[in-house]
Amino acid sequence: MFLQVDLLSAYSNRHDQIEGMEDVLCRIAANDQSGLPGQLPPGQPSRSRSVADRLSPADIESLVTRYRSGVKLKRLADDYGISISTVKRVLRKHGARRRPIRGEVGPEDAV
């Protein structure tokens, strides 16, 4: 029985958690939304998520051409400072066909 009481006292009413909770309650009451996830500090410009804002039409054309010439997705993503999923989205939008994986037979190669 002593062990259960000792455990309860060690994990109940932790002052560090109570202080943090009090701070959150005060911020809620004051409608203070600073420091929330996804919120930028005042005066900092918002990040644009649009590919058109990050890549020029010439960059997009170059990316598609390089992909068609055999450059790997990872390399393209690194070179243009975008994610692999963004590279795939740009390629899909501009009609670049997926290259077969080494050893994979494409529909045009089937007998």
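Mentor: Let's start with D79, which is partly exposed at 39% relative accessibility. Here, buried means under 20% relative accessible area, exposed means over 50%, and partly exposed is in between, using a 1.4 Å probe and protein chains only. Before going on, keep in mind that this is a predicted model, where local features need pLDDT of at least 70 and side-chain atom pairs count only at pLDDT 80 or more, while totals for chains, interfaces and linings use all residues. Residues are numbered from 1 along each chain as its sequence is written, and side-chain values use heavy atoms, leaving out hydrogens and water.

Now, who does D79 pair with? Its side chain meets that of R66 in a salt bridge, 2.7 Å from N to O. That term means a side-chain nitrogen of Lys or Arg within 4 Å of a carboxyl oxygen of Asp or Glu. Side chains of opposite charge can pair when their charged atoms come close. R66 sits in helix α4 and D79 in helix α5, so this pair ties together parts 13 residues apart in sequence. (Helices are DSSP runs of H or I with at least four residues, strands are E runs of at least two, and both are numbered from the N terminus.) R66 is partly exposed too, with a relative accessible area of 24%.

D79 also forms a salt bridge with R75, with the closest N and O atoms 3.2 Å apart. R75 and D79 are 4 residues apart in α5, which puts about one helical turn between them. Put together, R66, R75 and D79 are linked in a salt-bridge network. The whole structure has 3 salt bridges, and one of them joins D78 and K74 at 3.2 Å between the closest N and O atoms.

Next, zoom out to the helices themselves. The axes of α4 (residues 57-68) and α5 (residues 73-80) come within 10 Å and cross at roughly 160°. Axes are lines fitted to C-alpha atoms, for helices over the stretch in contact, with angles from 0 to 180 degrees between N-to-C directions. The two helices are therefore roughly antiparallel, a label for angles over 145 degrees. Where they touch (heavy atoms within 4.5 Å), D59, S62, L63, R66 and Y67 of α4 meet L73, R75, L76, D79 and Y80 of α5.

Key
Angles under 35 degrees count as roughly parallel, over 145 as roughly antiparallel, 65 to 115 as roughly perpendicular and the rest as oblique.
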